[in-house]
Amino acid sequence: MQLQFVIGILIAVLIATGLGALLWRRFYRDDPGNAARRIFKNSAITFGLRLLVRGLDTIVLFVLVGSLAPAEVGTYSLAALLVAQYLGTFSEFGLGILLTREVARDPQAAPRLFGATLSLRLLLVLIGAVPISLVVIGAYALLAHFGLGEAITPSGQQAIWVLILTLVPSAYSGAVTALYNAAERMEVPAMIEVVTAAISFLARISVLLLGWGVLGLAWSAVAVSSLTALIFFFLQQKQFFAPSLSFERQPIMGLVPSAFPLMLNNLLSAIFFRFDLFIIRGFGGSNADTLVQQYALPYQLLNIALVLPPAVTFAVFPLLARRAAGERSAMADAQRRTLGLLLIIAFPLAMGMAVLASDLVWIFSRRNFDAYQPSVHVLAILAWFLPLSFVNGLLQYVLIALNRQTAITRAFVIGAVANLCMNLVAIPVATLVFGQPTWGLYAAAAITIISEGVLYLVFRPLLIGEGVAPQLIQLSWRPLLAALVMGGCMLGLRVPFGAPWGSLAAILIAPPSYAVMLWMVGGIGADERALVRRVMGRG
């Protein structure tokens, strides 16, 4: 890839972002009485901008996977997962959603709550990141000592320590983002994310082209997270208030009872969502880092689709939080409509990624495709966790709006324990029975889907008790049937004609076949058309 081409992509992204912002300010007019239009604005703009960000990340992934050996990429994937998902979740401590909820209810309390939550975040970074990292590094070293696994390489350990530095600026950026979420101005942090992602894109591509490897990627992450925090600093002073820290014991300790269940929920969610990768590495022997990346690549591809649920959920959350106080029927209606939208999108995404799994993996791995053959089957399986993941992602925040954090914690404990136990049994057993460690990857992928089902079954009694349980089968059968018809049409072209022409034909036939079938079975009815009219300001 030529540097001029990379710079061209960067310039195009920045121009498109600036032009979009100007057009938005010129033509968009908010309507305080139109909740549907406001939610659409908050979700669609956030989704579009974050999809652009994920597109830049995808180009970096394209260069990374195609140029470096799977073992080397796996080293960085493990470090990034540990720091961003586990240490990041611990230090965030659920304070972002807590700050959003409380400021949405009482805007006057924003300065006090901001100072206390940011101070607590920074304290958690200082007391938690280093000890947890030492435990993980030591655990793999102990497994290697007894011949049961492979120690984390020196470059992998260095990447972990460098990435830890990103937690401090990220804590501040997350706190300011919560203020924008509470004000239902999600497009502002999303726009900032695009600008900094464009800079990050240039930095990471440059690092790879210069041959600086995974350690260079880690340092570029530190630089970009610091720049993002600096942008938020200037914006906060202009649009909210000057930032401050408050290390007084009483306000900080007052946050812990409410925030701890939220942190524990997110941490347990991370455990049952991605902890299988750590188990795969533990049983991977001499190919541990290669197996890590063979399993990580499908998740990295699925991350493109996973941009949508948080964008929609955070957009609708302030509305849910306000209606939770007494307007339960209105809250249930908002939940039903949002779930219907998510499922209409989730099922065709799952089917499309499953049918085109081989093509997707080849596009990214190219000359390393033979080494990534197991990733094809993993992606075809994992794609089907999307529908339940979309559902559970929204239902979790419905329960948060109802102030049922403790109950959610119990649900995630059950889900995480079930996932952990199933993976600890299935991964080594599948490896031993079939004689190849790649079968452990397939078992872990299937367990991910089962775990989402377990979590939903635990959520459902809580929702029934609150009177907001969704009719999931009623919401699911139409998009599922339409997706199955779409999949049949895609396979009818993909299998006989092969790649690339069969794949291209399958992509072209997918949208019309799904849309027609969804319309035929009544998936696009009067309610959906009325919602579109309200979003457009015509009803």
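Start by selecting D359 and R494, which form a salt bridge (a side-chain nitrogen of Lys or Arg within 4 Å of a carboxyl oxygen of Asp or Glu) with the closest N and O atoms 3.0 Å apart. This pair ties together distant parts of the chain, 135 residues apart: D359 sits in helix α15 (residues 357–365) and R494 in helix α20 (residues 472–497). Helices here are DSSP runs (H or I, at least four residues), numbered from the N terminus. D359 is buried at 14% relative accessibility, and R494 is buried at 16%; buried means under 20% relative accessible area, exposed over 50%, and partly exposed in between (1.4 Å probe, protein chains only).

A word on the model: it is predicted, so local features need pLDDT of at least 70 and side-chain atom pairs pLDDT 80 or more, while totals for chains, interfaces and linings use all residues. Residues are numbered from 1 along each chain as its sequence is written, and side-chain values use heavy atoms, without hydrogens and water.

Next, select D333 and R337, whose salt bridge has its closest N and O atoms 3.0 Å apart. Both lie in helix α14 (residues 328–355), 4 residues apart, so about one helical turn separates them. D333 is partly exposed at 28%, and R337 is partly exposed at 25%.

Now move to D289 and R281, where the side chains meet in a salt bridge at 3.1 Å, N to O. D289 is buried, with a relative accessible area of 8%, and R281 is buried too, at 1%. In total, the structure holds 6 salt bridges.

Notes
Helices (H or I, at least four residues) and strands (E, at least two) are DSSP runs, numbered from the N terminus.
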